[in-house]
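Subject: Structure for you to look at

Hi,

Here is the structure I promised to pass on. Please open it next to this message, and then read on for what turned up.

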Amino acid sequence: MIDSVRTLQKVSELPEIQSRLRIRRFSLGSFSESCRVFDPAMLQAVVDQLAEDLLPVQRDALLRRCPAS
């Protein structure tokens, strides 16, 4: 689970992640500065478009019997 920027940075160092997502490691300073340089609202259309392409995740049969929370 990625629950912090530092964890996200560590994940971005993994070769498989770098290859699949075509990303490189980023510095924490650059990442934190990005919200002052770029308007995050401009990404909403990109996020919406990517969300349309998501497929439902199949749940394990045992989990299907659990009530949704």
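A word on contacts before anything else: two residues are in contact when they have heavy atoms within 4.5 Å. This is a predicted model, in which local features need pLDDT of at least 70 and side-chain atom pairs count only at pLDDT 80 or more, while totals for chains, interfaces and linings use all residues. Residues are numbered from 1 along each chain as its sequence is written, and side-chain values use heavy atoms, with hydrogens and water left out.

**The chain overall**

The chain has 5 helices and 0 strands, where helices (H or I, at least four residues) and strands (E, at least two) are DSSP runs numbered from the N terminus. Its radius of gyration, taken over C-alpha atoms, is 17 Å, whereas a compact globule of 69 residues would come out near 11 Å; the globule rule is 2.2 Å times the number of residues to the power 0.38. Along the principal axes, the C-alpha atoms fill a box of roughly 45 × 30 × 25 Å.

How much of the chain counts as buried? The figure is 4% of the 69 residues, with buried meaning under 20% relative accessible area, exposed over 50%, and partly exposed in between (1.4 Å probe, protein chains only). The accessible surface is about 6,700 Å², and 59% of that belongs to carbon and sulfur atoms; areas come from the Shrake-Rupley method with a 1.4 Å probe, and for residues only the protein chains shown count as cover.

**Gln9 and Phe26**

Gln9 sits in helix H1 (residues 5-11) and counts as buried because its relative accessibility is 6%. Beyond its neighbours within four places in sequence, Gln9 is in contact with Arg25, Phe26, Ser27 and Leu28.

Phe26 belongs to the loop between helix H2 (15-21) and helix H3 (28-37). With 19% relative accessibility, Phe26 is buried too. If residues up to four places away in sequence are not counted, Phe26 touches Val5, Leu8, Gln9, Ser12 and Phe31. Between Phe26 and Ser12 there are 7.5 Å from C-alpha to C-alpha, although the two are 14 residues apart in sequence.

**Salt bridges**

Side chains of opposite charge can pair when their charged atoms come close. I use the term salt bridge for a side-chain nitrogen of Lys or Arg within 4 Å of a carboxyl oxygen of Asp or Glu, and the whole structure has 2 of them.

One joins Arg25 to Glu13, with the closest N and O atoms 2.6 Å apart. Arg25 lies in the loop between H2 and H3 and Glu13 in the loop between H1 and H2, so the pair ties together parts that are 12 residues apart in sequence. Arg25 is partly exposed at 47% relative accessibility, and Glu13 is partly exposed at 31%.

Another links Arg20 with Glu16, where the closest N and O atoms are 3.5 Å apart. Both residues lie in helix H2, 4 residues apart, or about one turn of the helix. Arg20 and Glu16 are both exposed.

**A backbone angle to check**

Most residues other than glycine have a negative phi. Arg22 is in the loop between H2 and H3 and is exposed, at 77% relative accessible area.

Happy browsing!
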